[in-house]
Amino acid sequence: MFVESESPEHPGGSSSRRDPAPRPSRRVFNAAYKLRIVAEYESAPHGEKGAILRREGL
């Protein structure tokens with residue numbers, strides 16, 4: 001059974017808890033980067049395509 005404890009900020013239990021970690025921002029890729037990675041991926045031999053994606057964090 002889960003029992004909420006009282007805190008000075010939220011007496012009577014915390015119904016609106018805030019996550020202490022900030023929300024991560026989305027990565028933004030420009031068109032030139034996308035074209036370069038897609039061209040490199042398509043020209044890579046079989047077995048090396050995954051390495052390109054891992055290297056780029058995709």
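Select Arg-36 and Glu-40: both sit in helix H1 (residues 31–43), four residues apart, which is about one turn of the helix. Keep in mind as you look around that this is a predicted model. Show the side chains of the two residues, and you'll see Arg-36 and Glu-40 meet in a salt bridge, at 4.0 Å from N to O. In general, side chains of opposite charge can pair when their charged atoms come close.

Now colour the pair by accessibility. Arg-36 is partly exposed, with a relative accessible area of 44%. Glu-40 is partly exposed too, at 25%.

**Follow the charges across**

Next, click on Glu-56. Its side chain meets that of Arg-55 in a salt bridge, 3.0 Å from N to O. Through shared partners, the salt bridges join Arg-36, Glu-40, Arg-55 and Glu-56 into one network. Searching the whole structure turns up three salt bridges.

**Stay on Glu-56**

You'll find it in helix H2, which covers residues 49–56. Is Glu-56 buried or exposed? It is buried, because its relative accessible area is 17% and the cut-off for buried is under 20%. Its side chain also makes a polar contact with the side chain of Arg-55, at 3.0 Å.

Who else is around? Setting aside neighbours within four places in sequence, Glu-56 is in contact with Arg-27, Tyr-33 and Ile-37. Show those side chains, then move on to Tyr-33.

**Look at the rings**

Tyr-33 is buried, with a relative accessible area of 19%. Which ring does Tyr-33 pair with? A search of the whole structure finds one aromatic pair. Its members are Phe-29 and Tyr-33, and they are stacked, with 5.2 Å from centre to centre and 10° between the planes. Those two values are there for a reason: a pair of aromatic rings is described by the distance of the centres and the angle of the planes. Phe-29, the partner of Tyr-33, is partly exposed, with a relative accessible area of 28%.

One more ring to visit: select Tyr-41 together with Lys-49. Turn the view until you can look down on the ring, and you'll see Lys-49 lying over the face of Tyr-41, 5.0 Å from the ring centre.

**Zoom out**

How many helices and strands does the protein chain have? Two helices and zero strands. Of the 58 residues in the chain, buried ones make up 12%.

Terms used: Residues numbered from 1 in each chain as written. Predicted model: local features only at pLDDT ≥ 70, side-chain atom pairs only at ≥ 80, totals over all residues. Heavy atoms only, no water. Buried < 20%, exposed > 50% of the residue type's maximum accessible area, 1.4 Å probe, protein only. Polar contact = N/O pair within 3.5 Å; in protein donor to acceptor, adjacent residues only side chain to side chain. Contact = heavy atoms within 4.5 Å. Phe/Tyr/Trp six-rings, centres within 6.5 Å; stacked < 30°, edge-to-face > 60°. Lys NZ or Arg CZ within 6 Å of the ring centre and 35° of its normal.
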